[in-house]
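Reader: I would like to go through the terms used for this model and hear what each one rests on. Please set the values against the cut-offs.

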Amino acid sequence: MTKTDKTKQLVGEEVVDYIKDGMKVGLGSGSTMYYMIKKLGDRVKEGLDIEGVPTSNTTAEWAKEFGVPLTDFSKVQELDLAIDGADEVDPNLQLIKGGGGALVREKIVAASAKSFYVIVDESKMVTYLGNFLLPIEVLPFGWEVTANKISDFGCEPKIRKSKGEPFITDNGNYILDCNFEKIAEPKKLHEELKSLVGVVETGLFINMARKVMVGKDEKVDVIDQ
Ligand code: 5RP
C-alpha cells in the first residue's frame, strides 16, 4: 500500500466515528470512501444501526460487499450526514469534485444532508482551485456546442474518455475536463457555467463542506467551517 493510500485509509476510518445510531448517511465516491465504507461495514456488524444513500453504482457495490444497508430518496428526504472525498480543497473549504465522474449524485446527496464532511489526504489542499481539471457534466446532445461555450470562460474543455470512447456517467451524460489552472472566483465561475444550456452540473462545490478532515502521515487535522 502506498503512503497516500495509508493516509486515505487513516482519514476514511476516522470519519466513521461521527456516524451515530439511527443516522441516514450519504456515501460519497472514490478511493478514500472505499476505506470509509469498509470500516462502516465493520461497525454495522458490531451493531451500528444506520442506512446509507450511495452516490455512485460503485459505492453501492462496495456497500453491499461490506454489509452497509442502503436506502434511497424515495424513502428518505433528508440525510443526517454526507461524507465524501474531494479532488481539491481551498482555504475557504470550496471544493473541486468529480474526478471519479460522480459529481451530480455527489452534489445532490451533499445538498440533502444536514452536514457535509469531506475526507482527503493532504495533497488535495491547495491555495487556489483549478490545477486539477474541473469536471463539468454535460448532456451528450450537442456537447460540442456546450464545450465551445465553456471555452469562452478561458479553458480548453476535453471530453473524458474511457477505452477510447466517451466516458458515460451514472446519469448517462458526458464529462468535460476543463483546464482553468487558477480559479480566482469559484462561486462566480460555478454560477456562470451553470447558466449555460447543456451544462448539467459543475464539479465546484461552493459553501457546502462543513468539516474537512485532512490526513497527514500518522494524524488527521480537522478544519471546521
Ligand atoms: C468522485 C470524487 C471523489 O471524491 C474524488 O475524485 C476523490 O477521490 P479519491 O478519494 O479517490 O482521491 O469526487 O467523483
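Author: A residue is called buried if 20 or more other C-beta atoms lie within 10 Å of its own, exposed if 12 or fewer, and partly exposed in between. By that count, 48% of the 225 residues of the protein chain are buried. The model is a predicted one.

Reader: What makes the protein chain as compact as a globular protein of that length?

Author: The chain holds six helices and 15 strands. Its radius of gyration is 17 Å, close to the 17 Å that the globule rule gives for 225 residues, so the chain counts as compact in that sense. The rule takes 2.2 Å times the number of residues to the power 0.38. Along the principal axes, the C-alpha atoms fill a box of roughly 55 × 35 × 35 Å. Among contacts with a separation of 6 or more, 76% join residues 24 or more positions apart.

Reader: Which residue ranges make up domain 1 and domain 2 in the domain assignment?

Author: Domain 1 is given as 3–125 + 206–217, and domain 2 as 134–201. The contact between them takes 13 residues from domain 1 and 14 residues from domain 2. On the domain 1 side, α4 gives the most, with four residues. That side has five nonpolar, six polar and two charged residues. The centres of the two domains, taken over C-alpha atoms, are 24 Å apart.

Reader: Which residues are closest to the ligand, and how many surround the ligand?

Author: The ligand is surrounded by 17 residues, the closest being G30, S31, G85, G99 and G100. Helices α2 (31–45) and α4 (103–111) each supply at least two residues of the shell. Sorted by class, the shell has 10 polar, four charged and three nonpolar residues.

Reader: How do you know that the buried residues of α5 are on the same side?

Author: In α5, residues 143–151, the buried residues are T146, A147 and I150. They cover an arc of only 100 degrees around the axis, which puts them on the same side of the helix. An α-helix has 3.6 residues a turn, so residues three or four places apart point the same way. On the other side of α5, E144 and N148 are exposed. The cover over the buried residues of α5 includes β7 (134–138), β11 (174–178), α6 (186–194) and β12 (199–202).

Reader: Why is K163 called exposed?

Author: K163 has 5 C-beta neighbours inside 10 Å. The limit for exposed is 12 or fewer, so K163 counts as exposed. K163 lies in the loop between β9 (161–162) and β10 (165–166).

Reader: Why does E181 count as partly exposed?

Author: E181 has 14 C-beta neighbours inside 10 Å. Exposed needs 12 or fewer and buried needs 20 or more, so with 14 neighbours E181 counts as partly exposed. E181 is in the loop between β11 and α6, and its phi is also positive, near 70 degrees. E181 touches G130 and N131, leaving aside residues up to four places away in sequence. From L79, 102 residues apart along the chain, E181 is separated by 34 Å between C-alpha atoms.

Reader: What makes T127 and K219 exposed?

Author: T127 has 8 other C-beta atoms within 10 Å, so T127 is exposed under the limit of 12 or fewer. T127 is in the loop between β6 (113–121) and β7 and touches D90 and P91, not counting residues up to four places away in sequence.

Author: K219 is found in strand β15, residues 219–224. The C-alpha atoms of K219 and L10 are separated by 7.7 Å, although the two are 209 residues apart along the chain.

Conventions: Residues are numbered from 1 along each chain as its sequence is written. This is a predicted model: local features need pLDDT of at least 70, side-chain atom pairs count only at pLDDT 80 or more; totals for chains, interfaces and linings use all residues. Two residues are in contact if their C-beta atoms, placed from the backbone, lie within 7 Å. A residue is near a molecule or strand if its C-beta atom, placed from the backbone, lies within 6 Å of it. Ala, Val, Leu, Ile, Met, Phe, Trp, Tyr, Cys and Pro count as nonpolar, Asp, Glu, Lys and Arg as charged, and the others, Gly among them, as polar. Domain bounds come from an automatic or database domain assignment. The arc is that of the directions from the helix axis to the C-beta atoms.
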